[in-house]
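Welcome! Please take a moment to look at the chain before reading on.

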Amino acid sequence: ICHLLIFIITYKNKIKMNRKVEDKNNNDFTNETMSENDLDSTTDSNKYKSIKIEEKFKKLEICPEKNSYPYCIVWTHLPLISWILPFIGHTGICDSNGKIYDFAGSQYIGEHELSFGNPMKYVKFKPCQNWDMGIEEANNKYVDEEHDLFSNNCHSHVAYALNKMKYDNKQNYNMIKIWWYCLIYSRYVSW
């Protein structure tokens with residue numbers, strides 16, 4: 001078990017270092033984005049609008065290589081537990097830009113990645129106006145919460161976010177519904 005834990009920690013640190021390098025490269029690219037003034041004056045505004053629309057749809061694309069899952073709930077296995085009970089796992093929720101947030105332990109909200117590795121499955125949701133606001137409120141609440149495996153866990157964090165954003169005009173999400181969504185409606189990242 002000690003060797004397994006050391007392997008997991010080493011693997012997570014390696015992923016974090018790779019992600020920092022990718023983020024730096026992405027920031028260099030985003031600093032070079034085109035503004036309206038950069039467009040040639042002869043270019044009509046429709047072309048500029050089509051560029052903006054294409055950029056918006058690219059943001060909605062799921063990109064496992066960049067760990068980007070806009071408007072999704074993501075799931076990964078829990079070491080040891082998921083090996084015995086494969087329907088049990090760890091969940092997180094992604095904002096409109098695809099950034100992952102998860103309630104990873106008492107008073108800790110993980111960002112950019114799940115605490116137990118990259119997502120293995122995801123559930124795609126329809127874009128919603130209050131999506132990011134709901135996630136932000138859930139993060140603010142759960143950063144002060146104690147983690148409890150059976151009643152106040154990562155599934156509860158995701159359910160709270162969906163309730164705060166009133167997704168699909170509902171406020172009755174709970175950890176069992178989130179578990180069910182991940183079990184029934186999810187797609188594997190590799191497919």
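**The whole chain**

This is a predicted model, in which local features need pLDDT of at least 70 and side-chain atom pairs count only at pLDDT 80 or more, while totals for chains, interfaces and linings use all residues. Residues are numbered from 1 along each chain as its sequence is written, and side-chain values use heavy atoms, with hydrogens and water left out.

The chain has six helices and six strands. Here helices (H or I, at least four residues) and strands (E, at least two) are DSSP runs, numbered from the N terminus. Read from that end, the order is α-α-β-α-β-β-β-β-α-α-α-β.

Of the 191 residues, 35% are buried; buried means under 20% relative accessible area, exposed over 50%, and partly exposed in between, with a 1.4 Å probe and protein chains only. The accessible surface is about 12400 Å², and 56% of that surface belongs to carbon and sulfur atoms. Such areas come from the Shrake-Rupley method with a 1.4 Å probe, and for residues only the protein chains shown count as cover.

Among contacts (heavy atoms within 4.5 Å) with a separation of 6 or more, 63% are between residues 24 or more positions apart.

**Strands side by side**

Start with strand β1, residues 72-77. Five of its six residues are buried, so β1 is largely enclosed by the rest of the structure.

| Strands | Direction | Bridges | A bridge pair |
|---|---|---|---|
| β1 and β2 (residues 89-94) | antiparallel | five | W75 and T91 |
| β1 and β5 (residues 121-124) | antiparallel | four | C72 and K124 |
| β5 and β6 (187-188) | antiparallel | two | K121 and Y188 |

Is H157 buried or exposed? H157 lies in helix α5, and H157 counts as buried because its relative accessibility is 1%. Leaving out residues up to four places away in sequence, H157 touches I93, Y101, D102, F103, I109, A138, N139 and Y142.

Next, find G117 in the loop between β4 (108-111) and β5. G117 has a relative accessible area of 12%, so G117 is buried too. G117 and T76 are 41 residues apart in sequence, and their C-alpha atoms are 6.8 Å apart in space.

V189 is in the segment after β6. V189 and W75 are 114 residues apart in sequence and 9.8 Å apart in space, C-alpha to C-alpha. Neighbours within four places aside, V189 is in contact with P64, Y69, P119, M120, K121 and Y122.

**Empty spaces**

Rolling a probe the size of a water molecule over the atoms shows where empty space is left. On a 1 Å grid over the protein atoms alone, a cavity is a set of points where a 1.4 Å probe fits but cannot get out, and a pocket is an open set with protein on both sides within 12 Å along at least five of seven lines; lining residues have an atom within 4 Å of a point. Grid points are joined across faces, edges and corners, and a volume is the space filled by probe spheres set on the points.

The second largest pocket holds about 360 Å³ of space. Its lining has 17 residues, and the closest to its centre are I88, G89, L149, N153 and H155. The elements that give two or more residues to this lining are β2, β3 (100-105), α5 (154-164) and α6 (175-185). Which element gives the most? That is α6, with three residues.

By class, this lining has twelve nonpolar, five polar and no charged residues. Ala, Val, Leu, Ile, Met, Phe, Trp, Tyr, Cys and Pro count as nonpolar, Asp, Glu, Lys and Arg as charged, and the others, Gly among them, as polar.

The search of the whole structure finds one cavity of 30 Å³ or more, and the largest cavity has a volume of about 30 Å³. The largest cavity is lined by W75, P86, F87, K121, W179, C182 and L183. These lining residues divide into six nonpolar, no polar and one charged. Helix α6 gives the largest share of the cavity lining, three residues.

Note on methods. Two strands pair if DSSP finds at least two bridges between them.
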